[in-house]
Amino acid sequence: SPAADAEICMMAADALEKLGIARGDYVIKVNSRKVLDGLMEAIGLSGKENAGRRLTVLRALDKYDRLGKDGVRSLLGQGRKDESGDFTKGANLQEHQIDRLIWFLELRKNTDFDRGRKSSDINPLIKLLGSDGSYTQDMLSAMENAYGESVEFKEGILELRQISLLADAAGYNDGRIQIDPSVVRGLEYYTGPVFEADLTFETRDEKGHPVRFGSVGGGGRYDGLVGRFRSENTPATGFSIGVSRLFAALKLVDSPIVTARPHVGPVVVLVLDRERLADYQRMVARLRGAGVAAELYLGAAGMKAQMKYADRRNSPLVVIQGSDEKARGEIQIKDLVAGAKAAGEIATNEEWKAARPAQVSVPESEMVDRVMAALADRPAERRS
């Protein structure tokens, strides 16, 4: 149901804020492929014979954020020549078709949501207002009034109404989630609501040039996709994030995800005798029972590879017990941070074996207390 789409949009908003994007610096924009397909029908581009032309029109509409009204109008008409001189062939629509599409694209912009004014006060084309008087419902009513002869279009409008009302009821009625007719999404398998996450703030790059990142993620409903690979159809909706583009934005806003001290990983218990796996698992359980984040090495490699694994896990300490330590009732605790620093001052392998830097032997019965003490005595951050 549209409740799943609303949930996805709210989750995307929460994720951006957790990553360090401030509220007001992003928006999750929502439209519907059903609405767009109904729009194509309304301007006379329905049917299989117009499939290629519809795709050309949708691709043109999808460039609205980048090219603006005039650029899209050219692509809907005869075509457009860009700054490099390359020419993109247009959809060759008639002027009255182009006018209807441009009106649809600019509906949110023309109704001036950001200043909180009712759509009826701004756009003279809006004749029918929503019964609740809200901005979004007014806009959807205007869309339905202009293009509502299509059954599919009406279904799309109903779903957008539900998504908007559900998001508002959950407290996202502050501009974080907005119905926006300009969202298209390029993939053809979408069957219902489509979403985009846009960063709205402007910043500057390393050379001082202004940068507006725009879309950093998107998604939608694709009820027919899973059914292509299974015997039955499966409803589905989802959202994906362009990690590289988002990461570049996070660096410019000094997100704590980028600037925070490295995360401290778990204490890793090494496995040196495979037949004693249960003993090592008990050690992990004892540490976890005391509130220490700990894990057992589950691979089949030797000690050197296990140490490298612990290093990749950002582990502060490792617990070591071979057959000799077991016979003595001891375990060894190695501080990986202090050990790395000390190892840098040791010249030969013989010296390293003799010194065993930052590695201590303790009675097995004292393992938990000594690990907790070692963690308490060291800085909270892991080496970078």
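The protein exposes about 20000 Å², and carbon and sulfur atoms supply 50% of that area. Accessible areas here come from the Shrake-Rupley method with a 1.4 Å probe, and for residues only the protein chains shown count as cover. This is a predicted model, so local features need pLDDT of at least 70 and side-chain atom pairs count only at pLDDT 80 or more, while totals for chains, interfaces and linings use all residues. Residues are numbered from 1 along each chain as its sequence is written, and side-chain values use heavy atoms, with hydrogens and water left out.

Next, burial and fold. Of the 384 residues, 45% count as buried; buried means under 20% relative accessible area, exposed means over 50%, and partly exposed lies in between, with a 1.4 Å probe and protein chains only. The secondary structure comes to 17 helices and twelve strands. Those are DSSP runs numbered from the N terminus: helices are H or I with at least four residues, strands are E with at least two. Taking contacts between residues at least 6 apart in sequence, 63% join residues at least 24 apart, where contact means heavy atoms within 4.5 Å.

Now the charges. Side chains of opposite charge can pair when their charged atoms come close. The rule used here asks for a side-chain nitrogen of Lys or Arg within 4 Å of a carboxyl oxygen of Asp or Glu. By that rule the count comes to 23 salt bridges.

One of them joins the side chains of Asp99 and Arg73, at 3.1 Å from N to O. Asp99 sits in helix α5 and Arg73 in helix α4 (residues 64-76), so this pair ties together parts that are 26 residues apart in sequence. Asp99 is partly exposed at 39% relative accessible area, and Arg73 is also partly exposed, at 26%.

Asp223 and Arg221 form another salt bridge, 2.8 Å from N to O. Which of its two partners is buried? Arg221 is, with a relative accessible area of 9%, whereas Asp223 is partly exposed at 25%.

Glu330 pairs with Arg328, the closest N and O atoms being 3.1 Å apart. Glu330 is partly exposed, with a relative accessible area of 23%. There is also a network: salt bridges that share partners join Asp273, Arg276, Asp279, Arg282 and Lys326.

Where does negative charge gather on the surface? Asp37, Glu41, Glu149 and Glu152 form a patch there. Patches take residues with over 30% relative accessible area and no salt bridge; like charges are joined within 9 Å, and nonpolar side chains (Val, Leu, Ile, Met, Phe, Trp, Tyr) within 5 Å. Lys and Arg count as positive, Asp and Glu as negative, and His and the chain ends are not counted. The place of a charge is NZ of Lys, CZ of Arg, CG of Asp or CD of Glu.

Last, two backbone details. Asn92 has a phi near 55°, a positive value in a residue other than glycine. Asn92 lies in the loop between β3 (87-89) and α5 (95-105), and counts as partly exposed at 34% relative accessibility. Asn314 likewise has a positive phi, near 65°. The loop that holds Asn314 runs between α13 (303-312) and β10 (317-320). Is Asn314 buried or exposed? Asn314 is buried, with a relative accessible area of 17%.
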